[in-house]
Structures are given as structure tokens and as C-alpha cells.
Number of protein chains: 2
Amino acid sequence: MDLEKFYNHIDQNQDLYVQRLREAVAIPSVSGDASYRNDVFRMGDWLIGIFEELGINYKAEDIGTHELDGQTLKLPKILLGSYGNDPNKKTILVYGHYDVQPALKEDGWGTDPWELVEDSQGRLLGRGSSDDKGPIIGWLNTIEAYQKLELEFPVNLKICFEGMEESGSEGIDDLIVREAKGYFKDVDCVTISDNYWLGTTKPCLTYGLRGISYFKLTISGPGRDLHSGVFGGTVHEPMTDLAHLFSKLVKADGHILIPGIYDDVAKLDETESNTYKTIQFKQQELHDAIDSDNSIHDNEIDTLMHRWRYPTLSLHGIEGAFSAPGAKTVIPAKVIGKFSIRTVPNMDPDKVTQLVTEFLDKEFAKLGSKNKMKLECIHDGKPWVANTDHWNYVAAAKAVEKVYHVKPDLTREGGSIPVTLTFQEALGDKNVLLLPMGRGDDGAHSINEKLDRSNYINGIKLFGTYLHEVAHIKTE
Amino acid sequence: MDLEKFYNHIDQNQDLYVQRLREAVAIPSVSGDASYRNDVFRMGDWLIGIFEELGINYKAEDIGTHELDGQTLKLPKILLGSYGNDPNKKTILVYGHYDVQPALKEDGWGTDPWELVEDSQGRLLGRGSSDDKGPIIGWLNTIEAYQKLELEFPVNLKICFEGMEESGSEGIDDLIVREAKGYFKDVDCVTISDNYWLGTTKPCLTYGLRGISYFKLTISGPGRDLHSGVFGGTVHEPMTDLAHLFSKLVKADGHILIPGIYDDVAKLDETESNTYKTIQFKQQELHDAIDSDNSIHDNEIDTLMHRWRYPTLSLHGIEGAFSAPGAKTVIPAKVIGKFSIRTVPNMDPDKVTQLVTEFLDKEFAKLGSKNKMKLECIHDGKPWVANTDHWNYVAAAKAVEKVYHVKPDLTREGGSIPVTLTFQEALGDKNVLLLPMGRGDDGAHSINEKLDRSNYINGIKLFGTYLHEVAHIKTE
């Protein structure tokens, strides 16, 4: 295979690829808000259109309904694709998601989040550009490039694109388990492009992820919102209780205060400790990415360890309290605190929920409030680590060297993609690789999310090269 | 004066009065949100239209600009009206406000907050119906009733309607001081209808109000919102700091934890203590009004004392954190906690701000966070008490008896109308009376605000009777 020719073709077609991403970003496929559900379906249909253009066999799996914002909603379909069916080739499963995080211009976006805008530095700004529409469209662009160049496709490709990843991947675990011996039965390994480089310059392969347990802590009291002048001092205020409970969960330095939460965290051994010494990462990259110097740790290794191998707890916000600009003198009747714990080997989600529940029950009882408290874990996923000596990783490393002329770092990630572990376990311990397309400063889940044009285009080259390498590598 | 004829006329014209209120509610004159500023101006113009119909002399005072939501905005005009100029009559100043609290259907309103809807129990639902559009239109309806019946108007009436009451009454203090010897120079006493009955059945006259000091506590850290998976555990999270600071301010039982805050609270003497014993109020009325039984105190007297004569602190909410339904894994970059303290005699607003500032500076330093904290008192007003032996109160009590056939309770209020004290002080210690129109369960500042039709119509009768009584009462 003439890689130069392949790369030239991709360079020449980059405006087509960007236009395709623009169309996808224009569909606000927010899975976590009932009012956008129709757009999530539209996004799935848009992908099916490309599947049909490229001759990818597919089925759109209906996975039923769920409850959201007090409504019963149809879940977005999981798109299963199959491209090629040659028993002499390896079968690679690629996974991604077509739903996105919420975004409002008022949150502070410099541009309309649902319009892909390229700035003077070649950054493609828009919600979902990097997480995860760029990568999933990247795989489809790769297939198209092989077709246009009339090159034999090197592997059998299985595709699994879901529309609920940003909201707990509802329904997908059951489907993976069900199809493990069906649609997915010949899969040799799994590749997921749904994370980011550690920094902004050097590519990486990622072999570990934290899990997540996301909690809703509801405190309710009065039957309706009250005027603080008329009722302040005479009723138990849910916000006061919630502030006290929030303050018991985590210290300002990030240390979690829930008793027992650190008990199952894997001990740091010398082998693991050594891997941290060679990773290319500078505190300045963290400071650039967060646009601030308010890092907790003063060195790279502590920073990476607390991102990758220790649990953390973040308070995301409060639903039901006064959140608009200005001054409103309200006593909110019902407030829902949102927080999540990022979990690491060998923490167990059920045990985490149990520890949090027991602790908050006890702390709430101490307050002596007449309000009601309810804690719910609304989604959780286990942490995950993979074997980096596997041929899947070796092939990916070769591909990175060909496209970027550098050996990738082997990294873990602080984020959570629960489906990663499900694939590994359900497919009989098949190797799973995370092959990121975007950079560490892409701003997934925050305002002004972007994907650099160079990462998008080189990412398509990387995907094509990876499929070429994985097809030719010795597996024993 | 034939009061029965006057009351019959008002009863016969009640649909006209309700229609007038409907028009006013339809103008969303929210002063605390820049995007509604034009509507506040529209509301002022609507009132001027009625002034002109009724032949009220007026001037619309331009009081300059202010900063809100990062914009420089024109302040709503203060409408000064003058009706009658007979040196043989008393001159009564009535004050009210034509701006309203924010309201969104999504907050949980059963009906569109900007459409006056009457339910089967005769409740007129809509934002501003009770606070304070019903009362200010009530005064205008009263003038119209005297005109239609061709009765001599018993007093000279001065009117002062402002459009910034819900946002700190910006600009009005200067104007009152400036006009004390000008437009307001002949004023004999002041009457304000901008509060509520204690319960739902018995009218009252109100002689005391708490003050308010409203604070914005801003914690900022990262330059933008971050993904909690990628950055959790490596940056100081503003929400964590805010939760800790919020929890230091007030206990679940309402006790304020700021050192020194209770030092200037007037001691309870026996005279005051005795007044609480005769007030008609049942805990059940509190429970009905809050639609819950989560009261802090188990008896009426403690409840009223904590509403009226002790300071309280309420946490209203957080701007900048995740506040929508669903699950978003964000680390908010900048959060603005909103809280306020209701103050009582003899607390001083400047000292309150100083105590809060010193305390939060100290508590924030203890956290050891690299984030930045900023505390601002965005508006404050002193507490107020009036002399209830004054002829103004005696006349009002007679009017209540004529309309409602019951002696009014003498009450204080937990809320704040800072302008009350300004009138009293600027006009040379003229008596100020609070003469409420609505009931304790009207839901000002919360969802489903309402004014009962009977309160609105009887309120107009009360205003007319009060003006009659005050004209004829002996002043020495």
C-alpha cells in the first residue's frame, strides 16, 4: 500500500471531510435533555445515510425506552455496521458515539455551538467536534478514502455507534452481551476513538480509564419556592442542608472525605511508578489547557497520578436553586445536587454507592433537618486497564510513527468510557485500544469545544494506517 | 360620604379593575435581568397612560444608568404623581413599584406567569399580581371611583412608583432626599401597600420590616469549564470551595454562624414580648402557606419572632454551575453563590458587610485553595419600625374595620422594603404605614404568585375608605 498516495488523497479531500463534520455538528444531538431527543434520532439517521452511501451493511437496534425529565422517551438507536466479510482478514470493531454534551451560547461560547466555525488557527469549533463526531466520521472518511483510491480494504470492520454515551450509555451493555456471540462474534480486537492526547503536541495510545459513579442528591422541604423575607428563619431550607452535605464530601485539595472510599484503590507498585517517569508532559500543558495556574499539585507525576490512578469527586452544580444572573430572594423548595466520583482499580461501583449512601444518611441525620433527603446513583461504570503488549497496541504504535513520526506515549485517562470494559469482558477478554484523534485542550464537556483541523485530517490518516498495520501484524 | 354607595360602585366595576391588572401582568417588567429592561420601560409608559386618563399631574424622573449583566442600562423612570392641591387638605404620599421578580414557566408555574388567569377559587394568578401591580393599580382605581361617583377627593395625593424595587431600589434614595423639600414638601404621612397579611383571613397594619444585605460570593479558578474526568483531582474546583464557604454561614436550624452578627440585635423586652401573645396566627397557617410541615419552630411566638425580630440567612442559589436537568460532568470554572441576610434593629448594613467579609476572607484562607474569592454586597437596606399610635395608623385601623368588620392585627414583616426607612428619615420623621392588600400565601417571589379577587376588590375599598378616614381624623 502506497501510504503517501493515501495521505495525499486525504489532504486533497479535507474540505469535504470538514463539511461532513459541519453537517453533523449542526444537529444538536444532546442525549441528556428530553427536549433534544428528536435531534439525537436525526443524528442517527444522518449516519445511516452515509452508511448507505458507502455500502456498509447495518442494522439500527431499537433498545426500548427510558425515563428522563419525567417523561418516557425512546432511546436513540444503536447503529451496528459491518463492512467486509473475508474470513482471511482480521475483524476490528470500532466504537463511538453520536450524542453530545449540552451546550448553550449563554454558557459563554464565543460562537454558536451548533455551527462548526474554523478560526484563524485552524481550530474547528462546535459542540461534538472532538467528542465524538470528528472521530466517528473519521472512520467513515477512512472507508471512503480506501474506496475512492480503489484499495482493498485491509480488515473486516464492525461498527458500533451509540447515542447515549453522554448519559450513561443506557442500553448498550445488554446489546453488547447479547451480540457477543452474534454480530460481534468474529471480532479480534476493539478500537475506540473517544479520548484525547495527554497534551497538545504528542500522540498517545491509551490503556486505562477511570470509572464513574454519578449521583443526584435531592433535598426537598417546602411545597413550593418561598420568599426569604417572609419565611426565612421559620422553615428548614433545602439549600442550607445541601451546602452542609456538599461540604462533607470533599476537601478543597481534592481529598475525598467519604470513609472507606480509598480502601480498594490499587496500591502503587514500583513498575507502575516507573512508567510515570518517562511520559512527556509538562505542568505548563495542564495550565494551558485549564487556562489558569490553579493546579492542586506542583509536579507532573502527582498531577498525572491524581488524574489517572486515584479517585476524585467533583461537585457539578445544583438543579432547582436560583441560577440566573441578578438577585432573587428565593428559598428554593427542592434542590438537586449533582456530583460524581471518578473511580479507579479496584473500586466497585456498588460498594461506592453503598459507602456514599451510608455516609450521607449519617451526615444528614446529624443536621436535624425536617427536610427529606434522597440519594440516587443515576449511572455508573467500572474503571478499566488493558494489556499494552498486545498486537493491537503494537500496530497502533507503528501507525502513529508513520503519520506523526514519533513514538506515542502510553497513557491512561481520567475520564470514563464504561463501554470499554463491557467490550473487553463481553467479547471474551478481547483487547481494547483507545486511539485518540483530538488534543488535551479540545474542551470536550466545556464551552468552545474544538477539534484542530490537523488532528482531524491526520486522524483519518492514522485510522487508515492503523487498519493497514493491524492487518499485517503477526498475532502470535 | 356614603360608603355603601362607594363600595357598590367598586363591586360593579370589578371586571374593569381585573382587566386593568391583566394588562399590567402581561408586561414582564423584570428589573433584575437586562433582557427585560425594555418591558420595565413599557410598564412605566402604561402607568403614565392611566395617569393621563385620570388627570394626575406627573413627572417621569430620569435617574440615569447602572451596570447589569455586564451592560450599561438606563434605569426605569420613577413616576411622581400629584392629584389635588388644596392647602386645607392633608397630603398623603403613596408608594409602590411596577417592576416584578423573574418568572419562567419552567420554574414550575401551572400557568403562563405573564398572563393573568383566574382560577375556580377566585385567585388571580400571574407574576406581579400581588407584588406590586395589584396594589399600585388599586390606588389608581380608587381615584377613578371617586371621579366616577363625583365625590370630592378627600386628600391631596402624592404618588411615587418606581421600577427597581426588586433590584435594590437603585436611584430612589437620592431622589427622595432631593425631593423631600420639593415635590414631597407638604407630605403629612406615607402609605405603602407592598406587603401581605400575616395569614390568609385577617387584615393587618404593618409597622416594622427587616432590612436586607444581599451578597454575591464569586469563586473563580480555571479559565473555562472543564471535563471532570480529564481534570478532576488536578485543579482546585470553585464549586468545592463555595460548598465549604456556604456551609460555614448558617446551620440547618437557621442559626447564623458569622461571628458578631447577633451583637447588635435589639434585646427582647417585656413590652415587645407581650405584643406577640395577642396576635392571631396559627402554625397551621404557616404550614398551609409553605405547603409543608418543615417549620423550624414548634410554636407561633418563636416562629413570628424569627420572622420579624431576629436576623436570618438564606442561600438562594449558584450562578455558573450546572443547573439544568440531566447529568453533566463539568467542573464549573466560575461560580457565583447568592445569599442574603435579613437584618433587624439595631444592625447596621455596613457593619454586616464588614463582618461577612472578614469571616469569609478568614474561612477562604483556611481552605488553602488557589482559586480567587470575591465578595460583593450588591444591595442593602436597613430595618425599620414605626410608631403605631400615630393618627395615620388610627385612621387605617378604622378603615379596616369598616371594610372587613374586624380590628387589624399590628404586625411586623420579615421582608425588606428599604425605601420605607428612606421616606421616614428624608421627610423629617413623617409617619410611614404599611397597608397590605394581599394575603400571606400570595407567593410573591415564588411560582404561581396570585392575588385573590376579593383582596383586590376589598383592597380598593380599603384604600378609598382609608383616604376618607385620614382626611377627617384629628391630628393632635
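Modeller: The following account takes up the domains, then the chains, then the cysteines.

This is a predicted model, in which local features need pLDDT of at least 70 and side-chain atom pairs count only at pLDDT 80 or more, while totals for chains, interfaces and linings use all residues. Residues are numbered from 1 along each chain as its sequence is written, chains are lettered from A and ligands numbered from 1 in the order in which they are written, and side-chain values use heavy atoms, with hydrogens and water left out.

Chain A is divided into domain 1 (3–209 + 383–472) and domain 2 (212–266 + 309–381), with bounds that come from an automatic or database domain assignment. Taken over C-alpha atoms, the centres of these two domains of chain A lie 33 Å apart. Contact (heavy atoms within 4.5 Å) involves 9 residues of domain 1 of chain A and 9 residues of domain 2 of chain A. Together the two domains of chain A bury about 680 Å², 62% of it on carbon and sulfur atoms; buried area is the accessible area (1.4 Å probe) that two parts lose on being put together, summed over both. Of the area that domain 1 of chain A buries against domain 2 of chain A, 60% is supplied by A:Pro383, A:Arg412 and A:Ser416, more than by any other three residues.

Between domain 1 of chain A and domain 2 of chain A there are 0 salt bridges, a salt bridge being a side-chain nitrogen of Lys or Arg within 4 Å of a carboxyl oxygen of Asp or Glu.

The interface of chain B and chain A takes 89 residues from chain B and 89 residues from chain A. The area buried there is about 7,400 Å², and carbon and sulfur atoms give 53% of it. The count between chain B and chain A is 1 salt bridge: the side chains of B:Asp107 and A:Lys328 meet at 4.0 Å, N to O.

Finally, the whole structure holds 0 disulfides over all chains, where a disulfide is a pair of cysteine sulfur atoms within 2.5 Å. A:Cys189 is in no disulfide, and the nearest cysteine sulfur, that of A:Cys160, is 15 Å away. A:Cys189 counts as buried because its relative accessibility is 0%; buried means under 20% relative accessible area, exposed over 50%, and partly exposed in between (1.4 Å probe, protein chains only). In chain B, the sulfur of B:Cys160 is 15 Å from the closest cysteine sulfur, in B:Cys189, which is too far for a bond. B:Cys160 is buried, with a relative accessible area of 0%.
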